[in-house]
Amino acid sequence: MGEVALDWLRARGIEALPRPGGRVALPPRGFIEAPASLKWTRFDQELELGAFSYQVSGYACAARIGRYVSIGEDVQIGRQDHPLHWASTSPAFYLGDRIFDLAAGFTGSEAYHATQPPRPSRGPPTRLRHTTVGHDVWIGHGAILLAGVSIGPGAVIGAGAVVTRDVPPYAVVAGAPARILRMRHPPDLVAGFLHLRWWRFAPWQLAHLDPSDPASFLRGLRAMKSEPDFTFDRLALSEVPE
């Protein structure tokens, strides 16, 4: 995972809020569409982040996040599993000295560092699982999304929810484990929004529509047959300088 200067990101339409050293760590794989905001979030392994999306703070691992996504404070997305089928769940048995950044002179350091490379085993302890957050999703403060779940477009995840299974489009869920409380819109509007995919446009292309009136908004979308999809700038994380 490389580190990049905040000013370098801002020049490309990607915000990251002040942090020690004025730099932010990014995973080596994936992309970010501009404009978007990383704010104070830590991203790990892989990241796909759509335009007009942000996460205030927390953690996301192997996350695929759509456009127009609003993610609150202290949200945990995709924390990976520990091996339940091994004798121990501790990563000391498969990460060794990579789980702590310790000086070479501490007691037992030679034996500790000798655990690298990991011991032979019957397959990997765990497999990386991607977590998908669809377009126009709102995730409240302190929510936890388990690794591998998929959140449908337009869904709402309540503050403090623990999402253990997939969430359908435009559902409002809350609780631990999270359960569906209601749907945001009736089925005909949901079907229309999913079919027309309004998130392929930039906000200024939709400025003539009234978002406070979903039915009117949908009728306006249907009239935009000749409107081209907006081409969002995309930063490939593999091209970020070290």
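In the largest nonpolar core, which has 39 residues, the members that touch the most others are L9, I32, L38, I139, L145, I151 and I157. A nonpolar core is a set of buried Ala, Val, Leu, Ile, Met, Phe, Trp, Tyr and Cys residues joined through side-chain atoms within 4.5 Å; buried means under 20% relative accessible area, exposed over 50%, and partly exposed in between (1.4 Å probe, protein chains only). At least two residues of this core come from each of α1 (6-10), β3 (23-26), β4 (29-34), β6 (40-49), β8 (57-65), β10 (75-79) and β17 (171-174). Helices (H or I, at least four residues) and strands (E, at least two) are DSSP runs, numbered from the N terminus. A second, separate core of 15 residues includes Y170, L206, F217 and M224.

This is a predicted model, in which local features need pLDDT of at least 70 and side-chain atom pairs count only at pLDDT 80 or more, while totals for chains, interfaces and linings use all residues. Residues are numbered from 1 along each chain as its sequence is written, and side-chain values use heavy atoms, with hydrogens and water left out.

Helix α3 (residues 187-196) has the buried residues L189, V190, G192, F193 and L196. They lie on the same side of α3 because they cover an arc of only 165 degrees around the axis, taken from the directions from the helix axis to the C-beta atoms. The face turned away from the buried side carries exposed P187, D188 and H195. After α3 comes R197, with a positive phi near 50 degrees.

| Bond | Omega |
|---|---|
| A34 to P35 | about 0 degrees |
| A176 to P177 | near 0 degrees |

P35 sits in the loop between β4 and β5 (36-37), and P177 in the loop between β17 and β18 (179-183).
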